[in-house]
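Please open the model in your viewer and keep the sequence panel beside it. The tour below moves from one selection to the next and says what is found at each stop.

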Amino acid sequence: MNVSHCRFYENKYPEVDDVVMVNVQQIAEMGAYVKLLEYDDIEGMVLLSELSRRRIRSIQKLIRVGRNEVAVVLRVDKEKGYIDLSKRRVSTEDIVQCEERYNKSKAVHSIVRRCAEKFNVPLEDIYKSIVWPLAKEYGHAFDAFRISITNPSIFDSTNINPPSIDLLNDLKENIARRLSPQAIKCRADIDVSCFSYEGIDAIKESLTLAENLSDENNQIKVKLVAAPRYVITAQSLDKNMGIEILNNAIEIVNNKITSYGGVCDIAMAPKAVTATEDAELQALLERKEMENNLDSDDDDEDDDDDDDDE
């Protein structure tokens, strides 16, 4: 039994004026044959006249076999299964909205298909009993899945009738593993110095105040690179929140250090960092720590030599 095929949405066919994601299968004289990815790969055609608003010199420059394209539905013959589509009538806004919806639907499909294969249940049964009822209630099953991570009671709805409790529990586990938000690391580099009598203590106090802004959702750490350069990082579930909390931390450091007559200059403004940038930072910090340890060992040896001379 093939359990892994099913359309993403309850309607078997799209409606006229719906914007859909298609994959180009073949280019012919009349236009391009495509399959509708959200409707279990049913066939459609983008007519030659609907490929572009401009004069067509080369179809290959407009549409290529194997590529995903966004198209708008012009006609649907549900009896014969014919679907005519247009590429030239698609707006930039249509493309953005369609791609967002398609990516959500694809994520839901991947999670649900895994459960169907594991429990040998037809995929459409899970869509009918869980996915489509949630989509009706929450606008999209993906949004319902995300909400369920912190509010699993949404699966208690009378509209939900899962094939089995074991399957539902497995689905919940998959959703939590796949859709739980990942912490984003944000970083800022600052130069902090203070040459007053309280200098070192003033710097420590200022940086500690920055770290004290941490809470359960936003973790702030300050690391010395090489005086006067410090790196402030924040782990946050939201990029904008991470950047904002770093700006607040820098402001606190600046206010405190200037009260002691010191300065705080921003060497790199707060930004979200990639995994590569984070790895490079960790390597730099480890290298600096190793250099500091070597310097410390050299100092110890010098002290020993002085003792021997005595």
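Begin by selecting Asn120, which is partly exposed, with a relative accessible area of 48%. Asn120 lies in the loop between H2 and helix H3 (123-138), and its phi is near 55°, a positive value in a residue other than glycine. Bear in mind as you go that the model is predicted.

Now zoom out to the whole protein, where the secondary structure amounts to eight helices and nine strands. Of its 310 residues, 37% count as buried, and the accessible surface comes to about 18,500 Å², of which 45% belongs to carbon and sulfur atoms. If you look at contacts between residues at least 6 apart in sequence, 65% of them join residues at least 24 apart.

**The barrel**

Next, select strands E1 to E5, which form a closed barrel of five strands in the order E1-E2-E3-E5-E4, with mixed pairing. From one strand to the next, the twist averages 50°. Helix H2 (residues 92-119) packs on this sheet, where it touches strand E1 (19-27) and E4, and its direction makes about 90° with that of E1.

Then move to the loop between strand E2 (31-36) and strand E3 (42-47), where you will find Asp41. Phi of Asp41 is near 65°, again a positive value in a residue other than glycine, and Asp41 is partly exposed, with a relative accessible area of 37%.

**Helix H6 and its cover**

Select helix H6 (residues 199-211), whose 13 residues reach 19 Å from the first C-alpha to the last, close to the 18 Å expected at 1.5 Å a residue. Which residues of H6 are buried? They are Gly199, Ala202, Ile203, Ser206, Leu207 and Ala210. Turn the view to look down the axis of H6, and its buried residues fall within an arc of 120°, so they line one face of the helix. On the other side of H6, Ile200, Asp201 and Lys204 are exposed.

Finish in the loop between E7 and E8, which holds Pro228; the peptide bond from Ala227 to Pro228 is cis, with omega near 10°.

Note on methods:
Residues numbered from 1 in each chain as written. Predicted model: local features only at pLDDT ≥ 70, side-chain atom pairs only at ≥ 80, totals over all residues. Heavy atoms only, no water. Pairing = 2+ DSSP bridges. Helix = DSSP H or I, 4+ residues; strand = E, 2+ residues; numbered from the N terminus. Axes fitted to C-alpha atoms, helices over the stretch in contact; angles between N-to-C directions. Contact = heavy atoms within 4.5 Å. Buried < 20%, exposed > 50% of the residue type's maximum accessible area, 1.4 Å probe, protein only. Areas by Shrake-Rupley, 256 points an atom, 1.4 Å probe, with all protein chains shown as cover. Expected span 1.5 Å × (residues − 1). Arc of directions from axis to C-beta.
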